Amino acid sequence: MKGNKMKCLGLALCCVMTSLAFSGCASSTDSGKIEIEIVQYKPEAANYFKTVEDEFNATHDNIHLTISSPNDATTILKTRFIREDYPDIIGIGGDINYSYFLDAEILSDISDYPGLQNINSGYVDIAEALEFIPTDGTYIVPYVANAAGILYNREMFQEHGWEIPETWDELNALCESIQAEGILPFYFGFKDIWTCLAPWNSMAVDLSPADTTKQVNRGETTFTAEYRELSEKYMSLLQYGPEDPFAYGYNDACTAFARGESAMYPIGSYAVPQILSVNPDLNIDSFVMPASDTPDGNTLNSGIDLGFCVMADCPNKEAAYEVLDFLLEDSVIQNYIDAQNAVPCKTGDFQLASQLDGMKEYITTGNMTDYQDHYYPSEMSVDAQLQTFLLEKDVDAFLAKFDADWQRYNRDIIRMVQEYENGK
């Protein structure tokens with residue numbers, strides 16, 4: 001382990017030390033081939049990665065690739081790290097777990113990897129912003145992203161002549177027009193608490209600085225100051241949803257939207273496959289959440305859904321780079337896009353799903369901002385706090401608790417950040 005730098009990671013792991021068994025390998029096999037092991041955290045993409053593994057091994061004589069896609073991979077990885085049993089490459093999301101791993105100095109600096117030159121600069125910036133304190137080097141290859149905003153029923157909009165809103169006032173006016181037609185503007189799935197984060201994140205990118213959490217850590221502001229307008233506007237969306245938005249879960253909301261029971265659904269692009277499984281013929285498009293008072297204030301809520309990190313202890317970095325080269329081939333990425341309705345982090349002529357038509361301009365120009373919850377520690381249970389807030393509708397109490405819990409669950413990071421700032 002890496003001495004004191006493992007402290008934050010140790011805090012993140014304290015609840016995951018179980019009897020999980022997971023053997024690792026990072027060496028040459030008896031056949032003389034170099035063994036490269038990837039553990040990636042998206043079990044829903046397991047079939048895709050099995051195909052990638054087979055295709056790579058069929059076309060490479062010197063390297064044997066093994067890709068594991070276990071359930072709860074993040075917990076498994078954390079347990080393996082405690083045991084110093086590292087795979088060669090990990091596939092993780094761009095969230096606070098990546099920040100913990102980077103701070104623990106268990107990831108390799110891959111600044112010399114040529115494939116980084118082809119990654120959309122917007123996602124490179126998003127990855128860099130996840131650092132607790134500025135760190136020299138590059139430690140993740142952003143692979144694919146997702147995007148969150150508002151999905152809408154394209155045929156319903158065309159039939160009624162509704163226009164895509166570009167400001168907060170226009171969004172409210174649109175909702176009033178939809179209600180006047182006897183149609184529900186939004187469906188929510190707030191019975192499943194994680195769905196409460198979707199509108200929150202897509203509004204936060206317009207209404208709060210992208211580095212809000214870092215400003216709080218430096219003692220420059222509070223969430224009470226930065227999140228008030230966001231909280232008030234979020235609460236006001238409830239009037240345009242079902243009478244009891246907490247009676248329905250994610251699957252219920254996807255099904256209702258698929259059946260035309262609402263005109264819009266504020267959720268991420270990841271929901272499209274579930275919706276289409278109910279109604280394959282539904283014509284869906286999307287637009288960014290217009291929480292700002294001016295069109296220029298809008299940005300796409302998008303973050304790294306999957307990125308690849310080479311571990312610092314990987315003994316075969318050159319072979320690991322060869323694996324990354326294969327993963328970044330255009331045809332391999334396109335297959336992932338098609339299978340998972342994803343957004344590529346690599347620049348190029350990729351065919352995106354039609355459901356992302358309304359967001360393409362933001363993607364190609366790099367006008368995107370990461371999910372605020374990618375900076376939240378899981379111990380805070382912000383999704384549950386949001387659900388409670390929406391039930392109780394007490395902005396002051398919600399913000400006060402957010403500030404208090406942030407100081408409680410981030411005290412070591414806050415101390416590290418402020419020591420860095422004082423030492424500059």
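## Spaces and ring pairs in a predicted model

By class, six nonpolar, five polar and two charged residues line the largest cavity. This is a predicted model, in which local features need pLDDT of at least 70, side-chain atom pairs count only at pLDDT 80 or more, and totals for chains, interfaces and linings use all residues. Residues are numbered from 1 along each chain as its sequence is written, and side-chain values use heavy atoms, with hydrogens and water left out.

**The cavity.** The structure holds one cavity of 30 Å³ or more. The largest cavity has a volume of about 100 Å³. Its lining counts 13 residues, and Phe-132, Thr-213, Asn-217, Tyr-375 and Ile-413 lie nearest its centre. Helix α9 gives the largest share of this lining, three residues. On a 1 Å grid over the protein atoms alone, a cavity is a set of points where a 1.4 Å probe fits but cannot get out; a pocket is an open set with protein on both sides within 12 Å along at least five of seven lines; lining residues have an atom within 4 Å of a point.

**The second largest pocket.** This pocket has about 310 Å³ of space. Its lining has 23 residues, with Glu-128, Ala-129, Asp-211, Lys-214 and Tyr-375 nearest its centre. Five residues, the largest share, come from α5. The lining divides into 11 nonpolar, four polar and eight charged residues.

**Gln-372.** This residue sits in the loop between β10 (368-369) and α17 (382-392). Is Gln-372 buried or exposed? Gln-372 counts as buried, because its relative accessibility is 2% (buried means under 20%, exposed over 50%, partly exposed in between, with a 1.4 Å probe and protein chains only). A polar atom of its side chain lies 3.1 Å from the backbone oxygen of Pro-209. Leaving aside neighbours within four places in sequence, Gln-372 is in contact (heavy atoms within 4.5 Å) with residues including Asn-201, Thr-213 and Tyr-227.

**Aromatic pairs.** The whole structure has 33 aromatic pairs. Rings of Phe, Tyr and Trp (its six-membered ring) pair if their centres lie within 6.5 Å; planes under 30 degrees apart are stacked, over 60 edge-to-face, the rest tilted. Here are two of the pairs.

| Pair | Centre to centre | Plane angle | Type |
|---|---|---|---|
| Phe-56 and Phe-326 | 5.4 Å | 85° | edge-to-face |
| Phe-223 and Phe-402 | 4.6 Å | 55° | tilted |

Phe-56 lies in helix α2 and Phe-326 in helix α14, 270 residues apart. Phe-56 is buried at 0% relative accessible area. Phe-326 is buried at 8%.

Methods. Helices (H or I, at least four residues) and strands (E, at least two) are DSSP runs, numbered from the N terminus. A polar contact is a pair of N or O atoms within 3.5 Å; within protein, one must be able to donate a hydrogen and the other to accept it, and residues adjacent in sequence count only if both atoms are side-chain atoms. Grid points are joined across faces, edges and corners, and a volume is the space filled by probe spheres set on the points. Ala, Val, Leu, Ile, Met, Phe, Trp, Tyr, Cys and Pro count as nonpolar, Asp, Glu, Lys and Arg as charged, and the others, Gly among them, as polar.
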